[in-house]
Amino acid sequence: MGSPQTQKNLSALMLGAIGVVYGDIGTSPLYALKETFAGHHPLPVIEANVLGVLSIMFWTIMLLVSLKYVIIIMRADNHGEGGSLALLALVSELYSDKPKSKWLFAMLGVFAAALFFGDSMITPAISVLSAVEGLNIIAPQLNSFVLPITIMVLTALFFVQKRGTGAMGMAFGPIMILWFLVLGVLGVLSIAQSPHVLLALNPVYAYQFLVLDPWLSFLTLGSVVLAVTGGEALYTDMGHFGRFPIRLTWFSFVLPALVFNYFGQGALLLNNPQAIKSPFFLLAPEWAIIPMVLLATAATVIASQAVISGAFSVASQSVQMGFLPRMEIRQTSSKAHGQIYVPFTNWTLYLAVIYLVLTFQSSSNLAAAYGIAVTGTMMIDTMLIAFVLVAWRWSPWLVIPLIGTFLCVDLAYFAANAIKIPQGGWFPLGIALVSFVVLTTWKRGRKLLFEVIARRSIPVQTIVDYVGDVNRAHGTAVFLVGVNEGAPAALLHNLKHNQVLHERNVLLSVIIEDKPFVTKGNRLLINDLGKGFYRVRVFYGFMQTPDVPAALDLCAPLGMTFDMMDTTFFTSRALIVSASTPGMMKWREWIFIMMSKNAMNATEFYKIPTNRVVEMGTRIEI
């Protein structure tokens, strides 16, 4: 037995995990079985189909979520962090000596992140809409209020993001515990009336359903996959709660509750096929439908919050890893570093979510758009984890059949969802493609920009050797430079036009490592170049927010002190123009230039006091 403090910490982590990690997959019972039988490719509600679909759902959850993500992929943490970008960083580290492989991994990881942006727009819309549609069960005449109430709930959710989720987060755990308890209890009560529904645990029923009518069963997979949407979040949120608490809560609480509820809905359909209009809400007694609508709305808001927070996290990681330009990222909690607010991402998501609600108008229509992004992400994760397992020297006799099985299942679900592209799948796919172009264009443009700067730069040592007789001004000058950059343009301008240098000149580079966090003990690397010149490298993880003044405070124990009132920061702002022979296609170059113009100022991004900054412009052709 562990100590009481350890048990208390574990309980807190488990409560937090239940409140955040399982929101998406935990609200899937609202629509997954209903869409499978009454969606765009309806199935007759007969015993063979009910048992067959339930069997496929159960074994899909066990294979893709329990085995692939919870047991295998969660082993592949990148210094405790999970998610597609963390997995990309881990694979890149394992294959650092193979540049061509690294490029392939980068493209896969970036496309997975792009797919997540598409998925994060649909989840809030379909989740909240499906919950509010419970009003139709109470009174069909309330149908006209479904869209306005949905929009009001979503608007309120996005408007409170800037305040942070700390206060709301306290209530997430208890609400989701109640939600899963209700799911399980309602399911068990329904199963008790038709216990033979448990026959669906036998995979033979899944096999018989698939082979009886292969084309119809293939189309059905496009809706069955709704039962596992959100399964990838178990890996994505691993850094917040840890591997063990997520595994423990999944196998001991969440998984049983979900299985009981799906099988309970199946038992209801066996007794009353007409209940397919809303099998989830009709599981509850009539007196409990209004409380169920309220509880479902709260659960879907929590599910949406988890996805929104995930989008903020992916946007922040993309900025730190050089796939997006600098943008405003606000810390909303002084205690929890991971609680951030990204205004641009928040309002982009809001506009997209409201567009989806107004355009598709029902959860059934939105279900056609859901799935393609999730299955794409799952397929990419399978590819990346395959390379990790090979690097870990797992036996080929285990890796080949395991990855082969995962890929076959992923491909089947992806193909089944690809058929839904004309009905709505085009939206998340289109968002993913646009995001992918933006992410890769910024990365490519930065590479070209740094190459031009490197060609034009003068070695720092040349300047150090030259400045022996140059007049010196009192104080310290800090120049923000790239990792391998020579003498910064701001220093050369100062030397050329003013014929003066400061007593102490610091060339400061902010370096983002391929790991989520860098400890304070490993934050700095200082080199004395002589004649009052120093090169200071500041290291951060891709989950951390750079803070230059705070980093300079850490220099004091190493013999360098900085008085902000005696320190001037010099930055160079590049005016980027298209060269006569551009390094990439004109339209991509135009995108890069527009993004560069709208990038957040380095002074604000690195938290440098604005009254201590001198900014100098330079024109660069790429």
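**Figure 1. Helix H6 (residues 99–132) packs with helix H18 (residues 372–391) at an angle of about 155°.** The two axes lie 9 Å apart. The model shown here and in the other views is predicted. Angles over 145 degrees count as roughly antiparallel, and H6 and H18 are therefore roughly antiparallel to each other. H6 passes H18 in a left-handed crossing. On the H6 side, the contact is made by Phe-105, Leu-108, Gly-109, Phe-111, Ala-112, Leu-115, Phe-116 and Asp-119. H18 contributes Ala-373, Val-374, Gly-376, Thr-377, Ile-380, Met-383, Leu-384 and Phe-387.

**Figure 2. H6 also meets helix H16 (residues 343–360), with a crossing angle of roughly 55°.** Their axes come within 9 Å. H6 and H16 are therefore oblique to each other. The crossing of this pair is right-handed. From H6, the contact uses Phe-117, Ser-120, Met-121, Ile-122, Pro-124 and Ala-125. From H16, it uses Thr-348, Leu-349, Ala-352, Val-353, Leu-356 and Val-357.

**Figure 3. Helix H8 (residues 146–159) packs against H16 at about 175°.** The axes are 10 Å apart. That angle makes H8 roughly antiparallel to H16. H8 makes the contact with Leu-147, Thr-150, Ile-151, Leu-154, Thr-155, Phe-158 and Phe-159. H16 answers with Asn-346, Trp-347, Leu-349, Tyr-350, Val-353, Ile-354, Val-357 and Leu-358. Which aromatic residues do ring pairs link into a cluster? They are Phe-158, Phe-159, Trp-347 and Tyr-350. Phe-158 and Phe-159 are among the contact residues of H8, and Trp-347 and Tyr-350 among those of H16.

**Figure 4. Tyr-22 and Trp-250 form one of the aromatic pairs, of which a search of the whole structure finds 19.** The ring centres are 6.1 Å apart and the planes stand at 20°, so the pair is stacked. Tyr-22 has 0% relative accessibility and counts as buried. Trp-250, also at 0%, counts as buried.

**Figure 5. Phe-280 and Phe-281 make an edge-to-face pair.** Why does the pair count as edge-to-face? The ring planes are at 85°, with the centres 5.2 Å apart, and planes over 60 degrees apart count as edge-to-face. Phe-280 and Phe-281 are both buried. Both are in contact with Leu-30.

**Figure 6. Leu-30 lies in the loop between H2 and helix H3 (32–38).** Is Leu-30 buried or exposed? At 7% relative accessibility, Leu-30 counts as buried. Neighbours within four places in sequence aside, Leu-30 is in contact with Ser-127, Ser-130, Ala-131, Trp-179, Phe-280, Phe-281, Ala-296 and Thr-300. The C-alpha atoms of Leu-30 and Thr-249 are separated by 21 Å. These two residues are 219 residues apart along the chain.

**Figure 7. Charged side chains sit over aromatic rings at Phe-323 and Phe-562.** Lys-443 lies over the face of Phe-323, 4.7 Å from the ring centre. Over the ring of Phe-562 sits the charged end of Arg-504. Its distance from the centre of the Phe-562 ring is 4.5 Å.

**Figure 8. Arg-393 and Lys-531 have positive phi values.** Most residues other than glycine have a negative phi. Phi is about 60° for Arg-393 and near 55° for Lys-531. Arg-393 is found in the loop between H18 and helix H19 (396–418). Its relative accessible area is 76%, so Arg-393 is exposed. Lys-531 is in the loop between strand E5 (524–530) and strand E6 (533–540). At 45% relative accessibility, Lys-531 counts as partly exposed.

**Figure 9. Gly-482 occupies the loop between strand E3 (471–480) and helix H22 (489–498).** Which residues does Gly-482 touch, not counting those up to four places away in sequence? The partners are Ser-509 and Arg-535. The C-alpha atoms of Gly-482 and Leu-507 are separated by 9.1 Å. Along the chain, Gly-482 and Leu-507 are 25 residues apart.

Technical notes. Residues are numbered from 1 along each chain as its sequence is written. This is a predicted model: local features need pLDDT of at least 70, side-chain atom pairs count only at pLDDT 80 or more; totals for chains, interfaces and linings use all residues. Side-chain values use heavy atoms; hydrogens and water are left out. Rings of Phe, Tyr and Trp (its six-membered ring) pair if their centres lie within 6.5 Å; planes under 30 degrees apart count as stacked, over 60 as edge-to-face and the rest as tilted. Buried means under 20% relative accessible area, exposed over 50%, partly exposed in between (1.4 Å probe, protein chains only). A charge sits over a ring if NZ of Lys or CZ of Arg is within 6 Å of the ring centre and within 35 degrees of the ring normal. Helices (H or I, at least four residues) and strands (E, at least two) are DSSP runs, numbered from the N terminus. Contact means heavy atoms within 4.5 Å. Axes are lines fitted to C-alpha atoms, for helices over the stretch in contact, and angles run from 0 to 180 degrees between N-to-C directions. Angles under 35 degrees count as roughly parallel, over 145 as roughly antiparallel, 65 to 115 as roughly perpendicular and the rest as oblique. A crossing is left-handed if the near helix is turned anticlockwise from the far one by less than a right angle, and right-handed if clockwise.
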